[in-house]
Each structure stands twice: as structure tokens, then as C-alpha cells.
Amino acid sequence: MSTAGFDELIHAPTRLEIVSLLAAAQWADFKYIRDELGLSDSALSKQLSTLESAGYVEIRRRFVGKRPRTSASLSTAGRQAFEKHVAALQRIVARSQQDPGARPATEADRAVPGR
Amino acid sequence: MSDTQQPSPLGSGSAEADAAAELAEIQRRQERVIESAVVPVWSWWVIALALVAIGAARDSHHTVVLAISIPLAAVVIAGAIIASLPEVRRRVRVSSAAQPDGRGGVALASLILLVIAVTIALAVILTDNRVPHPLTISYGAGAAVLVIGGPLLNKYLSRLMLSNARQHMTDAPRPGAQWRGLLSSDPGDHSPGHAGRTNDGGTA
């Protein structure tokens with residue numbers, strides 16, 4: 001088994017947060033995601049559009065009364081990609097635990113690249 | 001295929017730490033979603049205060065007070081319950097895989113029954129002993145059980161939902177079945193079923 005499954009699209013920090021959040025939900029309101037992640041409307045829209053274009057996220061727009069309400073959910077493909085990504089991460093961590101010569105992780109190591 | 005035959009997706013010597021940090025972030029997000037789904041603490045307090053109001057109204061033996069306060073308290077309780085539902089707040093709906101199973105229902109029913117039992121038992125005892133304001137006191141005791149037990153129920157349901165979510169990932173016949181060890185509190189909890197380790201064959 002390889003790290004095939006590691007998904008560069010999901011790996012990006014903001015998208016990882018979005019997909020992680022949606023993976024635990026059937027759907028989430030746009031405002032909920034925005035507030036949870038501390039993003040601006042435009043930043044979240046951009047990331048959701050990217051994920052939607054990849055087929056990972058489904059966006060639902062509807063009206064409640066006269067107010068537009070947008071919610072997002074992980075598509076089947078998105079959920080599968082996320083699970084494979086998690087599995088790939090797990091393998092990376094497991095590999096280091098298997099190797100007795102591996103350098104122990106430090107706090108400095110915990111900074112995710114690109115954040 | 002060995003991992004070493006591919007460039008590390010995380011691309012540095014700290015790939016393992018980065019992967020662990022990503023997994024921790026994933027777990028944190030999952031916990032946040034589940035925390036959003038439990039009944040907010042204020043809701044337990046609102047229901048408890050409404051119960052005390054009902055008790056006080058019944059002790060007043062005043063028809064007008066009863067006619068107004070009891071329906072009002074019932075509306076407040078119903079409103080608090082409805083408003084505390086995450087779907088009603090239109091924020092988020094927890095994944096069906098993480099929803100509490102029968103144990104969650106049993107826990108909720110147990111709390112309700114405990115509140116009712118404490119309230120009725122105390123009301124009977126206090127009334128028999130001619131204690132003033134027996135219903136206010138007994139409803140207040142029931143309310144206290146609710147205020148203490150509600151947040152405890154929240155914690156239990158949160159743990160149950162997190163466990164269900166992880167179990168779902170673990171049971172699924174796919175690579176994601178390796179979640180359990182990583183997302184558990186024990187970092188060494190890697191079950192023998194984690195085939196990825198042995199099949200990788202590569203070193204970091």
C-alpha cells in the first residue's frame with residue numbers, strides 16, 4: 001500500500017479544515033463554517049468553489065423566507081478522498097513509529113507547511 | 001508499492017510531525033462539530049427555571065397565576081428544546097454515522113425519569129410533612145438535577161458521538177479504517193489490523 005490517497009487538494013490547510021468539518025457533518029451552514037474557521041465570506045466561497053469544482057463538496061442554495069441560505073456538504077467522492085487522505089496520513093505517522101531511529105517530533109515540527 | 005518510491009507528500013524531514021498535526025486538526029474539527037450538536041447549557045437552565053416557575057405557580061393555588069404561568073412555562077420549555085436543536089439553529093447537522101445510538105436515548109430518558117422521580121418523591125414527602133411551598137421546593141430539586149445532569153449528559157453524548165464517528169471510520173472496509181489508533185487518546189493504540197504499516201515496507 002502506498003501513500004496514494006494523499007490528496008494535495010485536501011492537504012491545503014484551509015481546505016483541510018473545511019473538509020474535516022464537513023466530514024463530521026451531514027451538512028453545515030455557510031455561516032457556521034465561516035465562523036468556526038474564522039474566514040471571510042470571500043475566502044470561504046473561494047475554497048468551497050475549489051472543492052466543488054473537484055467534486056468534493058456539494059453546495060446547496062435555497063431561500064428561507066426572503067433570506068438566501070447556503071449550506072455545504074461533502075459529496076461521496078469528497079468523503080472517500082478524505083478517508084483516503086486520513087489513511088495516508090496515518091501511514092506516514094505509523095511509519096515513523098515503526099522506525100526506531102526516527103527523530104521524535106518537536107513542537108516546531110508541528111507547524112503545517114504553508115500555514 | 002513502497003512509500004519510499006514516491007516523493008513524500010509532505011515533502012520534508014518533519015513529514016511525520018506534519019501528518020500528526022494534520023490528524024490532530026482533523027480530530028479537533030470533528031470534536032467541534034459534535035460539540036455544536038449537543039444541547040447548549042443555557043437550554044438546561046431555561047428549562048430548569050421554567051420548572052421552578054411551574055412549582056411556584058402550583059403552590060400559589062391562584063387560578064389566574066396557574067392559568068397564565070403553566071402554559072407560559074410549557075411554551076418556554078418547548079421553545080428551549082426546539083431552539084437548542086442544531087438543525088433548527090440552521091447551523092450544522094452531525095453526520096448520521098456519529099449520531100448517538102440507543103445508548104444516547106437511554107441516557108436522555110434516564111435523566112428525564114430521574115428529574116420526574118426526584119420531583120414527585122420530594123413533593124409527596126414535603127406535602128405529607130406539611131412543609132411550606134412543597135411544590136416549589138420539589139420542582140426546584142428536580143430543576144437542580146436537570147442543571148447538573150444536563151451538562152453531564154452533554155459530555156456523555158459528545159463522547160458517544162465521537163466514538164461512533166471513529167467506529168464508523170474503523171469499521172469501513174477501506175484505507176480509512178486506520179483512524180482508530182490515530183485519533184484515540186493513546187498514540188500507541190495501533191491495532192494489528194493496520195495493514196498500511198506492514199505493507200508499506202519503506203522507511204521514513
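**Exercise 1. What share of the contacts in chain A between residues at least 6 apart in sequence join residues at least 24 apart?**

Solution. Begin with the term itself: a contact means heavy atoms within 4.5 Å. Among the contacts in chain A between residues at least 6 apart in sequence, those that join residues at least 24 apart make up 55%.

Before going on, note that this is a predicted model, in which local features need pLDDT of at least 70 and side-chain atom pairs count only at pLDDT 80 or more, while totals for chains, interfaces and linings use all residues. Residues are numbered from 1 along each chain as its sequence is written, chains are lettered from A and ligands numbered from 1 in the order in which they are written, and side-chain values use heavy atoms, with hydrogens and water left out.

**Exercise 2. Which residues are linked with B:Glu25 in a network of salt bridges?**

Solution. A salt bridge is a side-chain nitrogen of Lys or Arg within 4 Å of a carboxyl oxygen of Asp or Glu, and over all chains the structure holds 8 of them. The network that includes B:Glu25 also links A:Glu17, B:Arg28 and B:Arg29. Within it, the side chains of B:Glu25 and B:Arg28 form a salt bridge at 3.5 Å, N to O. Both residues lie in helix H1 (residues 15–37) of chain B, where they are 3 residues apart, about one turn of the helix. B:Glu25 counts as buried because its relative accessibility is 10%, whereas B:Arg28, with a relative accessible area of 40%, is partly exposed.

**Exercise 3. Work out how B:Arg32 and B:Glu35 are placed in chain B**.

Solution. These two residues also lie in helix H1 of chain B, 3 residues apart, about one turn of the helix.

Notes: Helix = DSSP H or I, 4+ residues; strand = E, 2+ residues; numbered from the N terminus. Buried < 20%, exposed > 50% of the residue type's maximum accessible area, 1.4 Å probe, protein only.
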